[in-house]
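Subject: Structure handover

Hello,

Please find the structure below. My notes on it follow.

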Amino acid sequence: MMDNRLNVTYITFDGYVEVHRYRYLYFVIMFTVYILIICSNFTIVSIIVIHKSLHEPMYIFIAALLINSVLFSTAIYPKLLIDFLSEKQIISYPACLFQWFSYYSLGCSEYFLLSVMAYDRYVSICNPLQYSIIMRKTTVNMFLIVAWILPVCEVSVPMLVSAKKEICKFHLKGILCNSTVHKLHCVSSRLLNIYGLVVFVSAALLPVLFILFTYTRILVISYRCKGVRTKAAQTCLPHLLVLINFSCLSAYDVLIPRLEVDFPKIVRLIMHLQMIIYHPLFNPIIYGLKITGIYEHLKRLFCKRV
């Protein structure tokens with residue numbers, strides 16, 4: 001719909017189920033989840049920052065990944081909470097594009113950070129004598145900058161193009177602005193679709209293939225050398241679990257809108273909530289429980305309070 005007084009176009013979210021009846025229940029649950037996401041992620045980040053023994057590339061990359069999860073959630077949850085308490089679940093088109101931009105740029109950053117973490121484990125296990133030389137502070141900083149800046153540049157292009165395109169539809173089948181935004185356009189852009197495919201390959205598919213190749217090499221080395229099996233299992237398994245979890249959720253987000261499957265509204269809502277709940281909570285749980293260095297500090301922290 002169009003607000004002629006302000007010359008602003010608004011998009012309506014059609015993915016909510018009986019929001020007027022259960023608005024306060026939705027709000028309390030999602031607000032609690034958001035607080036848990038912030039607290040759990042920043043607890044581990046704080047532990048890594050405070051303890052100098054954890055100032056190593058692997059832990060720095062974990063901290064970056066957890067900060068990325070909080071930013072990802074912050075791009076979604078505040079607007080979601082406002083919608084639960086509003087009479088109309090609407091968003092201005094510029095704000096929708098910004099949410100879409102944040103959603104995918106941070107999602108791509110996740111894959112790049114996981115790729116860097118895989119490379120870090122590969123060097124540590126397969127080339128330990130050169131580890132301190134290869135993974136220097138400048139190298140770590142460069143990896144982090146590229147992991148956040150490159151996705152921003154890639155996702156900025158379709159966002160700027162979409163901002164100039166005319167829209168004829170004003171309803172989204174969902175609770176947030178994702179790839180379905182392109183369906184609002186009056187005329188589908190073949191160029192945008194091709195560019196989107198290129199970004200998908202470069203920012204998701206290639207990193208996943210690189211990660212799988214890297215961990216395959218690590219498994220081969222671990223099989224040959226019994227001394228590194230334990231180290232490989234302790235440090236690589238959490239990264240693989242996070243990769244599998246995020247890849248499955250990303251596959252849903254990419255494939256379902258393109259297949260145009262007409263799911264019942266309640267099923268579509270549950271799928272969207274899984275994407276924004278499981279992933280940001282899954283990361284701190286996995287790294288907190290499976291990475292020995294972090295787990296030991298967590299145990300001391302909570303045992304003291306008990």
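Helix 9 has a kink of about 30° at phenylalanine 282, shortly before the proline proline 284. The bend at a residue is the angle between axes fitted to the seven residues ending there and the seven starting there. Helix 9 covers residues 265-290, which is 26 residues, and spans 37 Å from its first C-alpha to its last, close to the 38 Å expected at 1.5 Å a residue. That expected span is 1.5 Å times one less than the number of residues. Helices (H or I, at least four residues) and strands (E, at least two) are DSSP runs, numbered from the N terminus.

Before the rest, a word on the source. The model is predicted, with local features needing pLDDT of at least 70 and side-chain atom pairs counting only at pLDDT 80 or more, while totals for chains, interfaces and linings use all residues. Residues are numbered from 1 along each chain as its sequence is written, and side-chain values use heavy atoms, leaving out hydrogens and water.

Now the cysteines. The structure holds two disulfides, a disulfide being a pair of cysteine sulfur atoms within 2.5 Å. Counting bonded cysteines along the chain, the pattern is 1-3, 2-4.

Cysteine 96 sits in helix 4 (residues 93-126) and cysteine 177 in the loop between strand 4 (171-172) and helix 7 (190-224), so the pair ties together parts 81 residues apart in sequence. Both cysteine 96 and cysteine 177 are buried; buried means under 20% relative accessible area, exposed over 50%, and partly exposed in between (1.4 Å probe, protein chains only).

The sulfur atoms of cysteine 168 and cysteine 186 are 1.8 Å apart and form a disulfide. This link is right-handed, with 100° about the S-S bond. Cysteine 168 is partly exposed at 46% relative accessibility, and cysteine 186 is partly exposed at 31%.

Last, asparagine 178 lies in the loop between strand 4 and helix 7. Asparagine 178 is buried, with a relative accessible area of 3%. Leaving aside residues up to four places away in sequence, asparagine 178 touches Trp100, Tyr103, Tyr104, Asp253 and His272, where contact means heavy atoms within 4.5 Å.

Regards
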